Amino acid sequence: MTRCIFCDIIAGRSPAKIIYRDERAIAFYDRSPRTPVHALVVPLEHIASLNDLMPEHEALAGHLLLVAQQVACQENIAASGYRLVINTGRAAGQIVYHLHVHVMGG
């Protein structure tokens, strides 16, 4: 496996402005934001993409969505509206091969 920037952020080896962390997920601001609020919600477990989720990840997948909702509330975009994006594969724009949910709004 090649080095994963998100695994480095999780381990504290690469800097990021972390806005949420628990025992299953982390959220931090995107380094190249596309909207005024652009955060990433990332599982602590390395899962390359949505295609790599397994039935045993069902609770984790739901948890990522709940964390995204919490980030939207914390960033004051929940009431006005936000979108969640999960890019899966190169043709869809996935650059970092560690599953992540973009929380975008503002």
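**Strands first.** Two strands count as a pair if DSSP finds at least two bridges between them. I kept that in mind while paging through this model, which is a predicted one.

I started at β3 and asked which strands it pairs with. β3 and strand β5, residues 101–105, are joined by 5 bridges and run antiparallel. For a landmark in that pairing, I noted Leu40, which stands opposite His102 in β5. Next I looked at strand β2, residues 25–29, which also pairs with β3 in the antiparallel sense, over 5 bridges. Here my landmark is Ile26, sitting opposite Val42 in β3.

Then I wondered: is β3 buried or exposed? I found that 7 of the 7 residues in β3 (residues 37–43) are buried, so the strand is largely enclosed by the rest of the structure. I also jotted down which way the residues point. Val37, Ala39, Val41 and Pro43 go one way, while His38, Leu40 and Val42 go the other, and all are buried.

**Cysteines.** How many disulfides does the structure hold? I got 0. I checked Cys4 anyway, and Cys4 is in no disulfide; its nearest cysteine sulfur belongs to Cys7, 3.7 Å away. Cys4 has 7% relative accessibility, so I put it down as buried. Cys73 I noted as partly exposed, at a relative accessible area of 46%.

**Salt bridges.** My count came to 3. I began with Asp8, whose side chain meets that of Arg3 in a salt bridge, 2.6 Å from N to O. Asp8 also has a salt bridge to Arg13, this time at 2.8 Å, N to O.

What about the accessibility of these residues? Asp8 is buried, because its relative accessible area is 6% and buried means under 20%. Arg3 is exposed at 65%, and Arg13 is exposed as well at 54%.

My last stop was Glu23, which forms a salt bridge with Arg24, the closest N and O atoms being 3.9 Å apart. Glu23 is exposed at 63% relative accessibility, whereas Arg24 is partly exposed, at 33%. Stepping back to the shared partners, I wrote down that Arg3, Asp8 and Arg13 are joined by their salt bridges into one network.

Methods: Residues numbered from 1 in each chain as written. Predicted model: local features only at pLDDT ≥ 70, side-chain atom pairs only at ≥ 80, totals over all residues. Heavy atoms only, no water. Buried < 20%, exposed > 50% of the residue type's maximum accessible area, 1.4 Å probe, protein only. Helix = DSSP H or I, 4+ residues; strand = E, 2+ residues; numbered from the N terminus. Disulfide = S-S within 2.5 Å. Salt bridge = Lys/Arg side-chain N within 4 Å of Asp/Glu carboxyl O.
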